Amino acid sequence: MSNRSRMLVGLALTSMIAATLTACSGTSRNDGRPGTVTPAESSGGSDGWDGNIAIGVGNRKGVDLVTLPTPDQVDVRCHGDGDNLTLDVTAPNGWHATLAHGSQHITVENETLNYPAHDFAESKGAIEAVNRTRPKGSTKQFPLGVTWDKPSVGAVEIQVDDDTPPHWMVNSPYEDFDMYMHISCSAK
């Protein structure tokens, strides 16, 4: 085989590998359609985040603690529909979260604060305790945790308060991670 033939084969192979890697790479945080963000039905209750959209750690607001953004400061990208729906959530101060339809887990990272990706979920014990203490006749629509497809398909209510992992060096004596928001993704 001549050098020219080898070079053409090498270029063709390189092009095929590049095309394959591009096709196999995950969706970009900027791809997809936008979602709508509003405060969760019950934003943290005892944590004092009522009426706010909240994401972060600790029991007070701060750049390296809980961020209380306005809806227009949170970017949500919705990918897929129904059981294949995934969401990328980006909030101020470096917060990024991903959710997959039906899962109670939220994967959260903050590169600004050197917090590597970690899965958070509301504990079953906490959910059961809140449900037991909810007054009869309560008009609350959403339980603690992550509620999918309520009030409509493509909606998710997030009310999560979970312990931070030991490798996150949190600047607060209160080391829980909080995320409270409601997200709606319209169908394609």
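Colleague: In what order do the six strands of the open sheet stand?

Modeller: Start with the general idea. Strands of a sheet pair through backbone hydrogen bonds, either parallel or antiparallel. In this predicted model, the order is β1-β4-β5-β6-β7-β8, and the pairing is antiparallel. The sheet is open. β1 (33–34) and β8 are the edge strands; each has a single partner strand, so one side of each lacks a neighbour in the sheet.

Colleague: How many strands and helices does the protein chain have?

Modeller: The chain has 11 strands and two helices. Along the sequence the pattern reads α-β-β-β-β-β-β-β-β-α-β-β-β.

Colleague: Back to the sheet. How many bridges join β5 and β6?

Modeller: β5 and β6 pair over six bridges, in the antiparallel sense. Asp-88 has Thr-98 of β6 as its bridge partner.

Colleague: What stands opposite Thr-98 in β7?

Modeller: Thr-107 stands there. β6 and β7 run antiparallel, joined by four bridges. Carry on to β8: there the bridge partner of Thr-107 is Asp-119. β7 and β8 (residues 115–120) are also antiparallel, and four bridges join them.

Colleague: How many residues lie between the strands in the hairpin of β6 and β7?

Modeller: Five residues lie between β6 and β7. Gly-102 sits in that turn, with a positive phi of about 85°. The hairpin of β7 and β8 has four residues between its strands. Asn-114 in that hairpin has a positive phi near 60°.

Colleague: Is strand β7 largely enclosed or left open?

Modeller: Take the side chains as the general idea. In a regular strand the side chains alternate between the two faces of the sheet. Now the case. In β7 (residues 106–110), four of the five residues are buried, so the strand is largely enclosed by the rest of the structure. For the chain as a whole, 39% of the 188 residues count as buried.

Colleague: Which two residues does the cis peptide bond join?

Modeller: Read omega. The bond joins Lys-150 and Pro-151, with omega about 5°. Pro-151 is placed in the loop between β9 (145–148) and β10 (155–163). Asp-149 is found in the loop between β9 and β10 as well.

Colleague: Next, Arg-77. Where is Arg-77 found, and is Arg-77 buried or exposed?

Modeller: Arg-77 is in strand β4 (residues 75–79). Arg-77 is buried and has no salt bridge. Look for the nearest side chain of opposite charge: Asp-75, 4.1 Å away.

Colleague: Which backbone oxygen does the side chain of Arg-77 reach?

Modeller: The backbone oxygen of Asp-31, at 3.2 Å.

Colleague: Which cysteines form the disulfide?

Modeller: Check the sulfur distance, then the torsion. Cys-78 and Cys-185 form the bond, with sulfur atoms 1.9 Å apart. The count comes to one disulfide. The S-S torsion of Cys-78 and Cys-185 is about -70°, so the disulfide is left-handed. Cys-78 is in strand β4 and Cys-185 in the segment after β11 (176–184), so the pair ties together parts 107 residues apart in sequence.

Colleague: Are the two cysteines buried or exposed?

Modeller: Cys-78 is buried, at a relative accessible area of 1%. Cys-185 is buried as well, at 5%.

Colleague: What share of the chain's contacts with a separation of 6 or more comes from residues 24 or more positions apart?

Modeller: Those residues account for 52% of such contacts.

Methods: Residues numbered from 1 in each chain as written. Predicted model: local features only at pLDDT ≥ 70, side-chain atom pairs only at ≥ 80, totals over all residues. Heavy atoms only, no water. Buried < 20%, exposed > 50% of the residue type's maximum accessible area, 1.4 Å probe, protein only. Lys, Arg positive; Asp, Glu negative; His and termini not counted. Salt bridge = Lys/Arg side-chain N within 4 Å of Asp/Glu carboxyl O. Polar contact = N/O pair within 3.5 Å; in protein donor to acceptor, adjacent residues only side chain to side chain. Pairing = 2+ DSSP bridges. Disulfide = S-S within 2.5 Å. Contact = heavy atoms within 4.5 Å.
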